[in-house]
Amino acid sequence: MAFFNLLNRVEYACVCGLLNPLTKLYFCRHCMKLRCGFCVCQEVDSNFCSNCLENIPSSETKMRKNRCNTCFNCPSCQHTLSVRASIATVPLAAGADSKEGSPATEDAAKAAKSGSSSTPGPAVKQVTKKMYYLACLTCRWNSHDIGIPDQTAATGQWPEPEYPNATRFALLLEHYQSVVLHDKQERQELWRRKMPKKSQFPNLTDRTGLTASMIRRQMGWSDGKVQLKTTPIPIKESVASEEVDELPAELLHAGVNLRTVTTLTQRLAQPAKQSASVSQLYPQHKLLSIKCSLRCRQCDHNVIKSEYNPSSIKYRIALFAAYHVPDVRLVRCDPLKCEGAESALLLRITNPTINEMTVTIMELPTVDEEQLLIQELKAMALESGTAASVASAGGAGGGGGGQTSLTSLSQGFARQGTLIEEPRLVDRAVNGTLKLPDSSFTVNQRDDSAEFIVWRKANHVVIRLGVQPKPDVQPDEDVVVGFTLQYTYFNTVADKSVASAAATSTPSLSGTSKEQKWHALNTRIYINLGKLQPVGVE
């Protein structure tokens with residue numbers, strides 16, 4: 001189990017061979033196997049601002065350059081800026097009606113009128129307005145420090161700083177967009193030339209293109225044959241120059257005030273300008289956050305999927321391994337000595353499910369057995385990828401004898417198999433021997449027949465095992481033991497074959513379909529028991 005201030009004493013082996021604590025693993029109910037961070041792929045579901053919780057579509061996210069339009073980050077400490085209000089007195093514009101102001105404005109106008117009645121000459125009317133500015137509640141930075149004028153609205157258009165190379169970057173972006181569009185059109189033209197006819201005997205309208213042209217005109221589209229081929233927009237190349245401006249003399253002789261010099265973090269937060277002075281730091285738009293889902297690489301089913309609403313922290317699918325796999329924790333271990341004496345080891349096993357779980361502790365597989373398991377996993381991955389490509393090819397070519405699938409044209413059009421993490425041997429040497437129990441035991445049901453059970457409460461069980469370090473273990477070396485934990489798991493995912501068989505079977509076979517949901521799963525667990533005590537130390 002993983003703790004905040006301690007090392008990962010108990011680690012689980014993923015299918016790919018990597019060791020991780022239980023809190024960093026996922027469980028696929030369709031494959032019924034553990035998955036680590038490398039065995040799942042991430043998919044972005046939505047983009048949102050973590051401050052205003054505005055949900056932004058992906059197309060608009062690219063236009064905004066992955067930033068929020070209304071929220072800003074502090075240029076000094078990178079925290080979120082707050083909009084603060086202040087009251088300012090400004091002269092009333094000529095021709096404006098004073099009755100449109102607020103009651104505070106009318107009182108100020110009356111006071112100014114009564115005060116100026118005794119003095120001759122025209123009086124200038126003063127109006128109080130609510131003005132807004134940006135302020136940081138962490139480092140006390142505000143927009144007044146760099147001279148940004150206050151706005152009359154809380155969501156006003158704050159002035160954007162001008163960067164010296166903005167025009168050059170815009171030209172480069174436009175140039176490379178045209179290059180990408182040109183390459184895309186060339187690939188489409190090549191694919192159109194190599195694509196065979198759909199039928200051996202085409203219709204007259206299909207041969208002349210009249211049908212496609214009429215459909216395009218009815219839908220308001222332009223004719224496909226009138227598309228103009230774009231050419232890359234030329235751009236002036238950058239040329240290196242040996243003429244460099246000399247450093248100013250003040251930089252070498254004047255004193256340096258570190259309070260006015262920006263730090264490395266502040267400069268990297270503004271890569272377009274990278275100001276050297278604190279007085280030139282402008283607030284930056286806040287970066288958007290994402291909600292992503294995790295998908296199993298082997299079966300393409302979702303393992304983690306969150307709610308679409310940005311203000312919700314719940315999960316629609318949460319297949320964490322801690323919800324399905326027994327949690328093994330190290331309770332206590334007697335001091336390990338070099339004489340080969342057996343020490344007592346206490347482990348606590350927790351059943352996280354609502355069903356009974358039968359647990360069996362077995363030996364770890366040998367190297368030959370582990371290599372055989374790796375070969376089986378590779379064969380299964382290759383078989384699943386081949387079946388997917390054959391299915392896609394069959395679906396494309398099954399419409400008629402004269403049709404040809406895209407797979408026959410190029411391998412790039414075939415459906416690619418999922419990229420699965422390469423299985424490997426577990427990189428953890430075991431230098432201790434465990435005295436394993438001879439029988440299985442159940443969790444979440446009282447069963448005191450087993451002698452190795454020390455304590456039981458609700459869905460928790462503490463068992464006692466014997467551990468003995470190997471003779472070749474050196475003093476002050478970590479003793480690592482491992483075992484294979486076999487447990488029963490009740491799968492709640494309805495299999496299509498089982499569901500169809502259960503629907504057509506008689507009521508007497510209802511028990512057989514229920515028994516098929518119980519599975520015996522195995523997982524390898526490695527425990528670090530600490531240092532081996534040298535001889536003579538108690």
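Predicted model: local features only at pLDDT ≥ 70, side-chain atom pairs only at ≥ 80, totals over all residues.
In the model, 5 aromatic pairs are counted. One of them joins Tyr-26 and Phe-320 in a tilted arrangement, with the ring centres 6.0 Å apart and 35° between the planes. This pair brings together distant parts of the chain, since Tyr-26 belongs to strand S3 (residues 26-28) while Phe-320 sits in the loop between strand S13 (315-318) and strand S14 (327-333), with 294 residues separating the two. Ring pairs also draw Tyr-26, Tyr-315, Phe-320 and Tyr-323 into a cluster.

On the surface, Leu-247, Leu-251 and Leu-252 make up a nonpolar patch whose accessible area together is about 370 Å². Leu-247 is found in the loop between helix H5 (210-218) and helix H6 (249-253).

The table sets out relative accessibility for residues named above.

| Residue | Relative accessible area | Class |
|---|---|---|
| Tyr-26 | 17% | buried |
| Phe-320 | 21% | partly exposed |
| Leu-247 | 62% | exposed |

Tyr-26 counts as buried because its relative accessible area of 17% is under 20%, and Leu-247, at 62%, is exposed because its value is over 50%.

Helix H3 (residues 166-194) has 29 residues, and because each is taken to contribute 1.5 Å, the helix should span 42 Å, which agrees with the 43 Å between its end C-alpha atoms. Within H3, the residues His-175, Ser-178 and His-182 are buried.

Notes. Residues numbered from 1 in each chain as written. Heavy atoms only, no water. Phe/Tyr/Trp six-rings, centres within 6.5 Å; stacked < 30°, edge-to-face > 60°. Helix = DSSP H or I, 4+ residues; strand = E, 2+ residues; numbered from the N terminus. Buried < 20%, exposed > 50% of the residue type's maximum accessible area, 1.4 Å probe, protein only. Patch = residues over 30% accessible without salt bridge, like charges linked within 9 Å, V, L, I, M, F, W, Y side chains within 5 Å. Areas by Shrake-Rupley, 256 points an atom, 1.4 Å probe, with all protein chains shown as cover. Salt bridge = Lys/Arg side-chain N within 4 Å of Asp/Glu carboxyl O. Expected span 1.5 Å × (residues − 1).
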